[in-house]
Amino acid sequence: MDRAAVPAGPALVAQCRFTEASDGDFRIDAEQPGLDDRRRAVVDAPWTWLTQVHGATVVVVDRPGDGAGTEADASVTASIGAPLAIQTADCVPVLLVGEGIVGAAHAGWRGLAQGVLDATVEVMRRRSDGPIEALVGPHISASAYEFGADDLDGLVRRFGPSVAATSSTGTPALDVAEAVRVSLDRLDVAGMRFVGGCTGSSTRWHSHRVRGDRARQTSVIWLEERS
């Protein structure tokens with residue numbers, strides 16, 4: 001499990017966790033014996049986890065566990081001790097840290113096209129001034145992400161030619177991390193830090209697209225008071 005702590009103002013810190021395959025399965029669409037125990041091993045508090053639908057809906061969380069199970073692809077909170085979680089197995093988990101506020105977004109290509117990062121940052125900025133930083137978790141790289149030409153053309157029109165790439169086998173591919181970078185740059189997000197690696201090329205993480213994994217890793221962020 002990768003860990004990071006990011007200042008979120010003079011009195012607060014954002015704790016970030018990115019699990020790996022060895023930490024277990026965090027998918028929410030089936031009977032999951034031990035899921036609560038696995039969540040508690042990451043952070044022992046009620047989670048806001050989402051039923052992700054590749055859209056741009058953002059849940060605002062006022063208390064730990066608010067909105068758990070909601071059909072949405074992002075969540076935002078200014079409450080202390082309220083973990084926000086995203087499940088992925090190739091899509092990009094994006095954790096966002098602002099002044100006294102944090103957000104978590106599930107950035108698959110469909111969600112990016114619909115503006116999930118734009119919506120998340122907009123909600124955060126309505127509630128807090130100051131810069132926003134981004135931590136980008138494990139996701140599929142362009143070399144492993146063969147992509148249909150028609151869908152790729154649409155993403156190029158939205159994000160620019162830099163998102164078009166070539167896979168390791170020479171086929172058209174999507175650089176989904178570049179689409180995230182372009183989105184965040186357009187939103188004037190102050191920085192973007194990568195955590196982890198390519199889900200498709202390493203069994204350290206689950207990959208649905210490359211290996212057909214049903215399991216999911218999770219990325220979690222919450223606010224704590226500075227000690």
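Predicted model: local features only at pLDDT ≥ 70, side-chain atom pairs only at ≥ 80, totals over all residues.
**Exercise 1. Get an overview of the fold.**

Start by working out how many helices and strands the protein chain has.

- Step 1: Tally the elements, and you get six helices and twelve strands.
- Step 2: Check the overall dimensions. The C-alpha trace spans about 50 × 40 × 30 Å along its principal axes.
- Step 3: For 227 residues, a compact globule would have a radius of gyration near 17 Å, and the chain comes in at 16 Å, which agrees.
- Step 4: Look at burial. Buried residues account for 53% of the 227 residues.
- Step 5: Look at contacts. Take those between residues at least 6 apart in sequence, and 62% of them join residues at least 24 apart.

**Exercise 2. Explore the largest pocket.**

Find which residues are closest to the centre of the largest pocket, and what kinds of residue line the pocket.

- Step 1: Get the volume, which is about 610 Å³ for the largest pocket.
- Step 2: Go to the centre. There are 25 lining residues, and the closest to the centre are His54, Cys91, His106, His208 and Arg216.
- Step 3: Sort the lining by type. You end up with nine nonpolar, eight polar and eight charged residues.
- Step 4: Trace the lining back to the fold. Strand 5 (84-88), helix 2 (109-114) and helix 6 (208-211) each contribute at least two lining residues.

**Exercise 3. Classify the aromatic pairs around Phe147.**

Decide whether Trp109 and Phe147 are stacked or edge-to-face, then do likewise for Tyr145 and Phe147.

- Step 1: Count the pairs. The structure holds three aromatic pairs.
- Step 2: Take Trp109 and Phe147. Their ring centres are 5.3 Å apart and the planes sit at 85°; planes over 60 degrees apart count as edge-to-face, so that's what this pair is.
- Step 3: Trp109 is in helix 2, while Phe147 is in the loop between strand 8 (133-136) and helix 4 (149-159), so the pair links distant parts of the chain, 38 residues apart.
- Step 4: Now Tyr145 and Phe147. With centres 5.2 Å apart and planes at 80°, this pair is edge-to-face too.
- Step 5: Check burial against the cut-off of under 20% relative accessible area. Trp109 has 18%, so it is buried. Phe147 is buried at 7%, and Tyr145 is buried at 9%.

Key
Residues numbered from 1 in each chain as written. Heavy atoms only, no water. 1 Å grid on protein atoms, 1.4 Å probe; cavity = no way out; pocket = protein on both sides within 12 Å on 5 of 7 lines; lining within 4 Å. Points joined across faces, edges and corners; volume = space filled by probe spheres on them. Helix = DSSP H or I, 4+ residues; strand = E, 2+ residues; numbered from the N terminus. Nonpolar A, V, L, I, M, F, W, Y, C, P; charged D, E, K, R; others polar. Phe/Tyr/Trp six-rings, centres within 6.5 Å; stacked < 30°, edge-to-face > 60°. Buried < 20%, exposed > 50% of the residue type's maximum accessible area, 1.4 Å probe, protein only. Rg over C-alpha atoms; globule rule 2.2 N^0.38 Å. Contact = heavy atoms within 4.5 Å.
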